[in-house]
Amino acid sequence: MISDILIIGGGAAGLMAAYGATKTLPGARITILEKMPRPGRKILFTGKGRCNFTNAKPWNEFSKHIRTNPNFVKPAFFNFTPDNMIDFLERSGLETIVERGDRAFPYSHRASDVLDTIVETVLRQGVTLLTEREVEEIRPGFEVRCSNGETFGAPKLIIATGGLSYPMTGSTGDGYKWAEFFGHKLISCFPSLTAMVPRGYKVPDGSEPQMKGHINRETPMTGAGEALKGAKLKNISLTVTYDGSVTETEFGDIDFTDGGIEGPIGFQVSRKCVKTLMNGGKVAFSLDLKPGVPIEELTERVKALWNEIKNDPRTRQAKDGRGINGKEMYRILLGKLMPWDLIPGFQTWNPDILETSMRKNESRFRRNAPQRRFYDVNLELLAKTLKNWKFDIIGFVGYERCVITAGGVSTDEVVAKTMESKLREGLYFCGEILDMDCDTGGYNLQCAFSTGLLAGESAAKAISHNE
C-alpha cells in the first residue's frame, strides 16, 4: 500500500500529524499505522481520566514548564498554540473549560470525548487509520513491514510512537530502534512525572529492579503505607534534599497513592529525583503542612488548641478524662490541624509524638490503685513535625505507571521549524519519542499536539513543493 505520508503511531502526536498533513495538502493519501486495537489510548489516562489536554498559559509562562530545551519547542508552539488547540476542539463540536492553573479540560470531564473528537475529525479529512498494525521493520526507502505481513511505503515517514510510559497503551519504545536505524542519537531514557516511594511505604521483595531505584507499583504496601494511601494535601510546601543539599522547594498539592507520593508538586520534582536515585544519590522530602505559619506561632497555636480540648466540658465529663481518653484528645487535636483522612497515616509515621506511660490513676486517691496507661502529647514535637515532616525517598514507580518518558531522540538532530530529521530527508519525529518532557498540567499533551501538527504540515508542504 503506497501513501503520500505514512505515520507510525496513532497517539496524540500521530493523530495531529495526520490532521496537519491533510489540512495542508487536501486529497493527499495519509495513512496511520497503530499497533493497538484503538488509537490514542494514552489520552484516556490523562488528567485522571478527565483529559487535561493543554495549558492556556502564554509562551513566556508555558516555556518555564518545559524541562528540556524550550527553544526546540518554540516554533511548534507558535505554529499551533494552546488557544489553537482549544479552538480546534470547539470547532469540532467539543465544549471545553479552563480551570485553575490555566489547565484546559473538556467540559464533560471525559477524556474519551477528547479522543473521539480528534479521531472523528481526522477521519472526516480522509485519513486512513489502520489499527492492530504492529510495525516490525522499516527498510531503506521507508518501506514498512507489519507483523501480519502487510507492507506499506511512502516518500515521507513520520515516527510518532511515543516513549516507554504506560506500555499497556502500546508505548513500548519501538520508535527508538528505528531512530537509531537512521543514525539518530538517543538521550538516555528514564521515567518522569511518577510516584516517589518513601522508605517504609512498600514491602521489600528482594527482586532485581529493572533500573536502580525502580520499585514496581504492584509491590505490596506496608501497613504504614496503607495508612497514608488516599490522603490528599493541599497548599503545602515540599522541600527536596539531594545528597544532603536543599535544592528545590515547591508549593501546591500532593497525593499519597498506592504508588507513593504523587500529585502536582510530587510529579514536578520527580524528574530530578529519579535521575538522582538512578545515579546512586540520596533524596529526602520535607513536608511543611503549614507553610504560611512560623514555627513559633504554630507552637503556640497547638498549645492553645490542646488546652481548649482539655478544658472542653465534654472532655472533663469523660470517664478518666485525664488518662485513658488522652489518645482520643490527640486525635481531636489533629483533626483541627489537618484533613481527617491524613490522621491515621500521620499517627503511624510519627509515633513519638504520642508518648505513653504506665502510672497510678491519681484521680482515685487510692494508695494501692492499679497502674493505668496514660497518654501524653509532645506538643512542641507535633508543631515541628507539622513544619518538617521528613521522608527518605528510596525509589520510584517505573514506566508501568509514569506519566511521561524523559529522554529520547536528540532534538539536536531534528529541525525545530519542521520536525524533519537532519540526517535523513523525508523522515520526521514528533511527540514523546523526542527528548522533550514537561511538568504535569497539560504541557506534555500540548507539545505532542504542536510538534505533531508541525510534522504533518511540513511533510505535506515538502510533497507539494516537490510536485
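**Close-up 1. Helix α1 meets helix α14.** A crossing of two helices is called left-handed if the near helix is turned anticlockwise from the far one by less than a right angle, and right-handed if it is turned clockwise. With that in hand, here is the first view of this predicted model: α1 passes α14 in a right-handed crossing. The pair to look for is α1, residues 12-24, and α14, residues 443-466. Their axes sit 6 Å apart, and the packing angle is about 35 degrees. On the α1 side, the contact uses A12, A13, M16, A17, Y19, G20, A21, K23 and T24. On the α14 side you'll find L445, A448, F449, G452, L453, G456, E457, A460 and K461. Sorted by class, this contact has eleven nonpolar, four polar and three charged residues.

**Close-up 2. Helix α9 crosses helix α13.** Now turn to α9 (residues 295-310) and α13 (residues 379-387), whose axes come within 9 Å and cross at roughly 130 degrees. That angle makes α9 oblique to α13. Here, too, there's a handedness to note: α9 passes α13 in a right-handed crossing. From α9, the residues taking part are I295, L298, T299, V302, K303 and W306. They meet L379, E380, L382, A383, K384, L386 and K387 in α13. This contact splits into eight nonpolar residues, one polar and four charged.

**Close-up 3. A sheet of three strands.** Here three strands make an open sheet, running in the order β7-β8-β9 with antiparallel pairing. At the edges are β7 (135-139) and β9 (151-153), each of which pairs on one side only. From one strand to the next, the twist averages 20 degrees. Zoom in on β7 and β8 (residues 143-146), and you'll see an antiparallel pairing over four bridges.

Close-up 4. Is K327 buried, exposed or partly exposed? K327 has a relative accessible area of 44%, so it counts as partly exposed. Leaving aside residues up to four places away in sequence, K327 touches L354 and Y375.

Terms used. Residues are numbered from 1 along each chain as its sequence is written. This is a predicted model: local features need pLDDT of at least 70, side-chain atom pairs count only at pLDDT 80 or more; totals for chains, interfaces and linings use all residues. Side-chain values use heavy atoms; hydrogens and water are left out. Axes are lines fitted to C-alpha atoms, for helices over the stretch in contact, and angles run from 0 to 180 degrees between N-to-C directions. Helices (H or I, at least four residues) and strands (E, at least two) are DSSP runs, numbered from the N terminus. Angles under 35 degrees count as roughly parallel, over 145 as roughly antiparallel, 65 to 115 as roughly perpendicular and the rest as oblique. Contact means heavy atoms within 4.5 Å. Ala, Val, Leu, Ile, Met, Phe, Trp, Tyr, Cys and Pro count as nonpolar, Asp, Glu, Lys and Arg as charged, and the others, Gly among them, as polar. Buried means under 20% relative accessible area, exposed over 50%, partly exposed in between (1.4 Å probe, protein chains only). Two strands pair if DSSP finds at least two bridges between them.
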